[in-house]
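Subject: Structure handover

Hello,

Here is the structure for you to pick up. My notes on it follow below.

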Amino acid sequence: MGIDDAFNALQKTVDEDIDKTRLARGRRDLFKTALGGEPDVLEVFGSGSLSRSTQLKPIHDVDIVAVYDHDEHPEWGSDGSSAEEALEHIRGQVNRLLSQTNGTHDNVVRHTLLRNHAVKCFLDDPDDPDAFTVDVMAALRQTDGTLLIPEQLATRWVPADPEYLIGEVAAHQRAWSYFRPLVRVLKQWRHTVPVEGSIKSLVMEVLALNCMPKSGNRSQALKTFFTAAAVQVNEGVWDPARLCGEIQPDLDRSGLSAAFAKAADTAERACTAAAEGDTDQALRLWQEIFGEDFPAPASPAKAATLITAPALLTPRPIKDAPQG
């Protein structure tokens with residue numbers, strides 16, 4: 001098996017089934033259509049990893065943003081209770097339009113729950129740990145094109161620009177067709193990293209955006225990424241739109257940097273082995289990074305060491321021993 005074939009096989013284990021992806025998009029679009037018909041809603045668009053095509057399987061949730069007419073809600077956007085009021089307004093609209101019992105547009109939502117920035121709408125049993133949800137966030141469009149979104153816990157509205165990241169990922173993908181697929185691979189890889197705490201998927205995506213090249217093969221690109229990310233993660237990983245601050249302030253930077261450095265060293269050796277024509281060794285080294293989902297031949301068995309008797313054996317002297 002060649003290196004390209006092995007990367008293709010790894011990708012198949014990471015990517016979601018196309019039918020399940022279409023189902024998730026269909027559920028997202030159902031909410032977009034329902035809320036888009038409301039008189040106080042100016043626009044509705046998808047956000048999150050599904051809209052960027054960087055989602056990891058299984059897809060448990062999708063995100064949408066409903067942009068409201070500020071003239072219809074002049075109290076929104078100010079610190080105080082309006083953040084929670086905006087979320088309650090969304091919950092009321094979702095229940096009226098899409099509740100399982102009496103929705104006027106469709107009957108799909110079993111339960112709604114207010115979160116900090118959005119209303120989580122359960123399409124499955126809320127007690128199911130794999131329940132599919134649609135997260136709906138309210139927003140107000142600002143004159144510069146960015147958004148104000150509610151932050152219920154802090155009773156305030158904060159700036160955000162999810163469309164910026166969508167555009168940046170799309171531009172990187174247009175320049176280099178492997179970008180989105182490798183983002184998904186790296187998001188999966190993060191689960192194997194020995195760090196304290198978790199690593200948010202968005203951390204990996206933004207690091208890939210900043211550190212992944214826009215040309216070359218996957219082997220060289222990953223080597224470049226791991227090398228650059230090992231340095232950059234020490235500076236923190238920040239919202240690329242420069243609005244929302246650090247993505248994960250509690251990230252174990254040193255642990256992740258060490259993991260990146262180790263992967264960079266292994267990737268360097270894999271690229272060297274491939275350049276020298278030792279494809280099998282290159283595959284084994286990539287498997288060290290990505291695990292058993294990356295196919296590689298077994299390491300060759302070590303030759304057994306032959307143990308021989310000395311050429312000349314000296315007879316052992318016989319002595320009488322007293323008995324008794």
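In which helix is histidine 172 found? Histidine 172 sits in helix 5, which runs over residues 162-175. Before going on, please note that this is a predicted model.

**Histidine 172**

Its relative accessibility is 2%, so histidine 172 counts as buried. Setting aside neighbours within four places in sequence, histidine 172 is in contact with Phe179, Ala208, Leu209, Met212, Pro213 and Lys214.

**Helix 6**

Helix 6 covers residues 179-189. Most of helix 6 is covered, with ten of its eleven residues buried.

**Helix 1**

Helix 1 takes in the twelve residues 3-14. At 1.5 Å a residue, helix 1 should span 16 Å. The C-alpha atoms at its ends are 17 Å apart, which agrees. Buried in helix 1 are Ile3, Ala6, Phe7, Leu10, Gln11 and Val14. They cover an arc of only 140° around the axis, so they lie on the same side of helix 1. What do the buried residues of helix 1 pack against? Their partners are helix 6, helix 8 (218-232), helix 9 (253-275) and helix 10 (279-290).

**Serine 257**

Helix 9 also holds serine 257. Serine 257 has 12% relative accessibility and therefore counts as buried. Leaving out neighbours within four places in sequence, serine 257 is in contact with Ala230, Val233 and Asn234.

**Salt bridges**

Side chains of opposite charge can pair when their charged atoms come close. How many salt bridges are there? The count comes to 16.

- Glutamate 43 and arginine 141 form a salt bridge, with their closest N and O atoms 3.0 Å apart. Glutamate 43 is in strand 1 (residues 41-47) and arginine 141 is in strand 5 (residues 133-141), so the pair ties together parts 98 residues apart in sequence. Glutamate 43 counts as partly exposed, at 31% relative accessibility. Arginine 141 also counts as partly exposed, at 28%.
- Glutamate 205 and arginine 52 meet through their side chains in a salt bridge, at 2.6 Å from N to O. Glutamate 205 belongs to helix 7 (residues 201-211) and arginine 52 to helix 3 (residues 48-52), so this pair ties together parts 153 residues apart in sequence. Glutamate 205 has 0% relative accessibility and counts as buried. Arginine 52 counts as buried too, at 9%.
- Glutamate 88 pairs with arginine 91, the closest N and O atoms being 3.1 Å apart. Both residues lie in helix 4 (residues 82-98), three residues apart, about one turn of the helix. Glutamate 88 is partly exposed, with a relative accessible area of 34%. Arginine 91 counts as partly exposed at 21% relative accessibility; the cut-off for buried is under 20%.

Salt bridges with shared partners join Arg28, Asp29 and Lys32 into one network.

**The largest pocket**

How much space lies in the largest pocket? About 1,400 Å³. Its lining is made up of 46 residues. Ser47, Gly48, Arg52, Asp63 and Leu202 lie nearest the centre of the pocket. Which elements each supply at least two residues of the lining? They are helix 3, strand 2 (61-68), strand 5, strand 6 (147-151), strand 7 (156-160), helix 5 and helix 7.

**Glutamate 151**

Strand 6 is also where glutamate 151 lies. At 12% relative accessibility, glutamate 151 counts as buried. Not counting residues up to four places away in sequence, glutamate 151 touches Ala83, Asn116, His117, Arg156 and Val158. Phenylalanine 45 is 106 residues from glutamate 151 along the chain, and their C-alpha atoms are separated by 19 Å.

Over to you.

Best wishes

Note on methods:
Residues numbered from 1 in each chain as written. Predicted model: local features only at pLDDT ≥ 70, side-chain atom pairs only at ≥ 80, totals over all residues. Heavy atoms only, no water. Helix = DSSP H or I, 4+ residues; strand = E, 2+ residues; numbered from the N terminus. Expected span 1.5 Å × (residues − 1). Buried < 20%, exposed > 50% of the residue type's maximum accessible area, 1.4 Å probe, protein only. Arc of directions from axis to C-beta. Contact = heavy atoms within 4.5 Å. Salt bridge = Lys/Arg side-chain N within 4 Å of Asp/Glu carboxyl O. 1 Å grid on protein atoms, 1.4 Å probe; cavity = no way out; pocket = protein on both sides within 12 Å on 5 of 7 lines; lining within 4 Å. Points joined across faces, edges and corners; volume = space filled by probe spheres on them.
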